[in-house]
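Welcome! Try each task before you read its solution.

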Amino acid sequence: DDEETTTDDETTVTTPVVDGDDMLEVALSPETPTLGYVAAGRERTTVLAFDVTAGSEDVTLKEATLEYVGLSNSEDLDVLAVYMNNEKVTKGTSKSFTNNEVDLAFENDIVIKAGETATLFVTSYVQLPTGNVSHKVALTNLEASSTVEGDYVVSNSFGVVNSNNVATLDLDINTESSKVTLGEE
């Protein structure tokens, strides 16, 4: 009997999230505004979002350096801060660009767990311009407790519009049962 039996060994290869033992990888987040406009005169308008991914060890964030690289005036952006999970994670209350650059120090306990990714949102109070503008903000340096890879990310060019992001709501109160219905039940 000349029958051959062949078996294929299935091997599973696990690739680490970030190369290296103790590293932090930075990349532009899809959460960055892409429509070309942001709202003026509103607190916490997102102007840039970036993802940070820790390697095999926890990483503590220390400081982020932002640079204004747009074609308009950096003084139009004020009250710069970084948020994570809807919570402010940088120190200070009224940071603004000086010579087109600003350093934002992180609170002491901002830790990215090993193998996890977090999205950080750079926010600003953006002034309503008198004409057309083309703003652009870049993360030029990120200091952390580990080596940082890819720490230069830049936003899309954006203009500014005066708008309100307010929804309407129908409120129906049944006076007999005191039941309140918001929109559809």
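**Exercise 1. A charged pair**

Is Asp-58 buried, partly exposed or exposed? Once you have decided, find its salt-bridge partner.

*Solution.* Keep in mind that this is a predicted model.

Step 1: The relative accessibility of Asp-58 is 39%. Buried means under 20% and exposed means over 50%, so Asp-58 counts as partly exposed.

Step 2: Side chains of opposite charge can pair when their charged atoms come close. Here Asp-58 forms a salt bridge with Lys-113, and their closest N and O atoms are 3.8 Å apart. A search of the whole structure finds one salt bridge.

Step 3: Now place the two partners in the chain. Asp-58 is in the loop between E3 and E4, while Lys-113 is in the loop between strand E8 (111-112) and strand E9 (117-126).

**Exercise 2. Rings**

Find the aromatic pair and describe its geometry.

*Solution.* Step 1: The structure holds one aromatic pair. Its members are Tyr-68 and Phe-97, with ring centres 5.9 Å apart.

Step 1: The planes make an angle of 65°. An angle over 60 degrees counts as edge-to-face, so that is the label for Tyr-68 and Phe-97.

Step 2: Tyr-68 belongs to strand E4 (residues 59-68), and Phe-97 to the loop between strand E6 (87-88) and strand E7 (101-105). They are 29 residues apart, and this pair too links distant parts of the chain.

Step 3: Both Tyr-68 and Phe-97 are buried.

Step 4: Look at one further ring, that of Tyr-83. The charged end of Arg-44 sits over this ring, 4.0 Å from its centre.

**Exercise 3. A buried serine**

Locate Ser-155 and list what it touches, leaving out residues up to four places away in sequence.

*Solution.* Step 1: Look in the loop between strand E12 (153-154) and strand E13 (159-161), where Ser-155 lies.

Step 1: Ser-155 has a relative accessibility of 2%, and therefore counts as buried.

Step 2: With those sequence neighbours set aside, Ser-155 touches Thr-32, Val-47, Leu-48, Lys-136 and Val-137.

**Exercise 4. On the surface**

Which residues form a nonpolar patch on the surface?

*Solution.* Step 1: The patch is formed by Leu-171, Ile-173, Val-180 and Leu-182, which together have about 390 Å² of accessible area.

Step 1: Strand E14 (171-174) and strand E15 (179-182) are the elements that give two or more residues to this patch.

Step 2: Take Val-180, found in strand E15. Its relative accessible area is 47%, so Val-180 is partly exposed.

**Exercise 5. Far in sequence**

How many residues apart in sequence are Arg-42 and Tyr-125?

*Solution.* Arg-42 counts as partly exposed because its relative accessibility is 31%.

Step 1: Arg-42 and Tyr-125 are 83 residues apart in sequence, yet 5.8 Å apart in space, C-alpha to C-alpha.

Step 2: Now step back to the whole protein. It has zero helices and 15 strands. Among contacts with a separation of 6 or more, 75% come from residues 24 or more positions apart.

Note on methods
Residues are numbered from 1 along each chain as its sequence is written. This is a predicted model: local features need pLDDT of at least 70, side-chain atom pairs count only at pLDDT 80 or more; totals for chains, interfaces and linings use all residues. Side-chain values use heavy atoms; hydrogens and water are left out. Rings of Phe, Tyr and Trp (its six-membered ring) pair if their centres lie within 6.5 Å; planes under 30 degrees apart count as stacked, over 60 as edge-to-face and the rest as tilted. Helices (H or I, at least four residues) and strands (E, at least two) are DSSP runs, numbered from the N terminus. Buried means under 20% relative accessible area, exposed over 50%, partly exposed in between (1.4 Å probe, protein chains only). A charge sits over a ring if NZ of Lys or CZ of Arg is within 6 Å of the ring centre and within 35 degrees of the ring normal. Contact means heavy atoms within 4.5 Å. Patches are made of residues with over 30% relative accessible area and no salt bridge: like charges are joined within 9 Å, nonpolar side chains (Val, Leu, Ile, Met, Phe, Trp, Tyr) within 5 Å. Accessible areas come from the Shrake-Rupley method with a 1.4 Å probe; for residues, only the protein chains shown count as cover. A salt bridge is a side-chain nitrogen of Lys or Arg within 4 Å of a carboxyl oxygen of Asp or Glu.
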